[in-house]
Amino acid sequence: MGGRFGVLSTNQCHPVISMTEVFARRPRVGLFVTCLVDLMRPSVGFAAVRLLEAAGCEVVVPEGQTCCGQPAYNGGDAENARKIAMLTMRAFDGFDYVVAPSGSCAAMLKVHYPRLLADDKQHASAARAFAERVHELCAFLIDVCGLEQVPGSFAGRVTYHDGCSGLRELKVREQPRRLLAIVPGLELCEMSDTDACCGFGGLFAMKFPAISNAMVTKKCANAASAKPDLLLSGEMGCLLNVAGKLSRQGAEIECRHIAEVLAGEMTAPAIACSNDGQRR
Amino acid sequence: MTARAQFDADIDAALADAPLQRALADVPAGFVAGRRRAREELPEFEPLRRVGRDIRDHALAHLDLYLEAFEGNATKAGSRVHWAASGDDACRIVLDICRAAGARTITKSKSMVSEEIELRERLQDAEFDVVETDLGEYLVQIRNEKPSHIIAPAIHMRAEDVANVFRRQHGHLAADRQLDTPEKMIAEARGILRDKFLAADVGITGANFLVAETGSAIIVTNEGNADLTMSLPKVHVILTSIDKVVPTFNDAWPLLRLLARSATGQAFTAYTTIVTGPRQPTDPDGPEQCHIVLLDNGRTELLASEMRSVLRCIRCGACMNHCPVYCSIGGHAYNSVYPGPIGAALSPALAGAGQAAHLAEASTFCGRCEQVCPVEIPLVSVMRQWRSLALEQPRSRRARLMLHAWARLAQHPRIYRWCAGIAARSLKWLAGSGARIRRLPFLHAWTDYRDLAAPQGGTFQQQWAQRDRKRAQRDRADVSAARARKSDSAP
Amino acid sequence: MPSEATCAEAVAERIAHPLQHWPLRSIRADEPAGVSKQALIGRFKAQLGRLGADLIEVGSVAEIPAALANYVAANVADDAAGLARIRMGSDAFLAALPWSSTSGLEIATGKAEAADVIGVSRAIAGVAETGTLVLVSGADNPVTLGYLPETHIVVLEAGAIVASYEEAMQSVLVATGGRMPRTVNLITGASRTGDIGGKIVMGAHGPRRVAVVLWAA
């Protein structure tokens, strides 16, 4: 496998998969859901599935997955991070690709698993081979699938926040913008310092809440000055942070994961908004 | 108060300090934009960073031999080389030099190594008249503060603050003089410091690089103060650390090309001076003695550790200029000679992990520092290593237990899924009919500042499993319908 | 693991035969044989301009004193007697200039004194890369001339402009016969500071003004 493959179906609501017919030539993608999407916003997972299916993939969600292990790894507990890495690699054994709707989780799998296991003679090469198959969602849709049409549409102004890990560790910058450019009706208005950290940083937001607050306050001000209707990001952690702050500020800007807009999965209310679009 | 508790208190104070916040707000437009322009103007900038990294790595890999070569050549050139294992040793060596010279007035140019060992304070305790000649350092000195940035020590001050301290400090000048522009204040400082330059008996500078092939030191400044410091008094002391040595001038130039561009955005610093020994026989000016004090202070230990890449640092300050944490709290809150990401990576090695390991916690690991570091120090990895060492300490017991408990859970998918389901439902229940939670006692660090979005309900895994079950039912129904059709149409 | 002896050899070799790390493509753009001297001079002048240094171009050695005197008259306040005092070292090139052809300048020699207003030095080389002047210390051009006076005037031959610091260092060693002077001073514009309110102000400690007398034969 590798290189681009054609787009098999677009603009279908839940394309009904006839399992047997196309199985052989459709790439099998294991969706790494990520713990925050799993816990807080399953609609992002379904949006990711829809996008991947629109790009012609067979999507499987392995039950053996949990979290990518970042909290342990960044907390200084490499030993436990290694154990979780092994678990994740086992869960995703046999897939053509492993795709995550998060730059930081994908970077953990793609960049840090091989580092964690570099000195483990038994698993180092497996970790490298695994890393080859891992992609962040937007990067996968553009770089691997060559997706040229998306199911979703959105009439309004959108600003995009780059998650730090995806941006700097995986160099995901152009792909989400290219995807947004093909969403009918969508106008992308960049905020200043789009690459500045929002202050989430996993446990950082809990350990240094005041600094985190200063950072997210700047981020919200930058976002507001772009006058968007909607703020998007490919990173659930950033979104919870920014949406939580905008909600506290009583700002009008709604926040969603980029996959929701691309997939046209907009029935769920925006993050921290209720059904009627109000923040309550 | 523990170092960490002090840090929290300093953070709160820094965030509440409106003048400091205004000063920090200018950093992006100044240093950050300057570096971006400089980088755009030099097409080879990115490959040059890798050259810089390799030069530093090579020098560090053979540090002992290059230091030996440096000492030999410096001695041949007439310098006297002193080795100082600790900050205390270095202070004593410099004190002895100053006493032997019968010095009264000592001028100093900016040197982070001297800040590290608190040399000025030590000399002042010994009754020497010591004056910092870098304008920013002078401001910090007369306000009894510490530098808040490694290349812009007074970045936390505003022009009004400077005018105020000048009026207080320069009491002999007319009280009604105007100090309403930077130009006027700089002219005043120039006059005061000029007298000190001319009166100085000993001049102390740092060094940006040491060159093994000739035993030379390279010293850069924009003000020219290091040149006046080293050329006017009869004794020149170069105080620097052992990691600064490079093999040859050809190794220094790429680093100098990176240094100013990364620091201020200049293509080259105004004054780059190569100094090799004291005054030569026919020289009409220059010092009679040149002493070079080489400080270790924890560096050889760091060199032997996995974190040795920190020693590549050329002290440009780009990591702090680009750090969202530094730009939120400024340098003083770190309570460390080296603030920002490089401080978090270096200070625990120099000041002891007990004093500074907590600095590595104060990072979102956003990685902007690594992206701009001119010698590609993996700052995030190094901070992660300090976290790892801190986690093993007895005082981290609680954090360790919590991490281990969570990690255990993450290694058991079935239990993990079950717990995630409970967590999602509980949070949803706490949110009631709303879409957000405004206050949650056990997550108050979050909800003190921002709302917590309510989860949508069941976890993705649960919903996906339901969908799978429905699909399977539908597929089974399709198959039996097809069979039924088949049997209907059978003859 | 390399042995100690191998390391020592590698280190000795690196010092004996320094690596040329950087080809400076951005300066030698598109010219396989190296950039023309004219282009280097052009870049040097452009860089000087960006630094805020003054440029005085003269067509021959003989014109230097008059050009220098004119610059001084226009830019530096002279004393009551209408004389501007310049200070320079014992540089043979500078000493041989036809100073008697011009009036209004009083020439003092030796290292700089506290009261000196104008220092005149001769540069060994100019670096086109950044508009940097390369001076060496010694009796010919005492180093203090470039730091104590408020105005520093540097005489430079256009032919001495090279592309890079690497080449300039070669020029220095040729000029000194391979001996390191006490200081090699690379001067890139005038003394400046941004330490008060972040605004760049010229003349922090050293010269407020740097002027280059660029002469070509």
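Contact here means heavy atoms within 4.5 Å. This is a predicted model, in which local features need pLDDT of at least 70 and side-chain atom pairs count only at pLDDT 80 or more, while totals for chains, interfaces and linings use all residues. Residues are numbered from 1 along each chain as its sequence is written, chains are lettered from A and ligands numbered from 1 in the order in which they are written, and side-chain values use heavy atoms, with hydrogens and water left out.

**Stop 1: the chains**

Show every chain. Two pairs of chains are in contact, and chains B and C share the most contacts. Now hide chain B. Chain A and chain C have no contact, and their closest C-alpha atoms lie 18 Å apart.

**Stop 2: chain A as a whole**

Select chain A and colour by secondary structure. Look for 14 helices and eight strands. These are DSSP runs, numbered from the N terminus: helices are H or I with at least four residues, strands are E with at least two. Of the 280 residues in chain A, 65% are buried. Buried means under 20% relative accessible area, exposed over 50%, and partly exposed in between, with a 1.4 Å probe and protein chains only. Among chain A contacts between residues at least 6 apart in sequence, 78% link residues at least 24 apart.

**Stop 3: two domains**

Select 19–144 of chain A for domain 1, then 156–263 for domain 2. The bounds come from an automatic or database domain assignment. Taken over C-alpha atoms, the domain centres are 22 Å apart. Across the boundary, 27 residues of domain 1 are in contact with 22 residues of domain 2.

**Stop 4: strand β1**

Zoom to R28(A), in strand β1 (residues 28–31) of chain A. R28(A) counts as partly exposed because its relative accessibility is 25%. V98(A) is 70 residues from R28(A) in sequence, yet their C-alpha atoms are 8.8 Å apart in space.

**Stop 5: a helix pair**

Select residues 209–225 of chain A, helix α12, and residues 236–249 of chain A, helix α13. They pack at an angle of about 80°, with axes 10 Å apart. So α12(A) is roughly perpendicular to α13(A), a term for angles of 65 to 115 degrees. Axes are lines fitted to C-alpha atoms, for helices over the stretch in contact, and angles run from 0 to 180 degrees between N-to-C directions.

Show side chains. On α12(A), pick S212(A), N213(A), V216(A), T217(A), K219(A) and C220(A). They meet N241(A), V242(A), K245(A), L246(A) and Q249(A) on α13(A).

How values were computed. Parallel < 35°, antiparallel > 145°, perpendicular 65-115°, else oblique.
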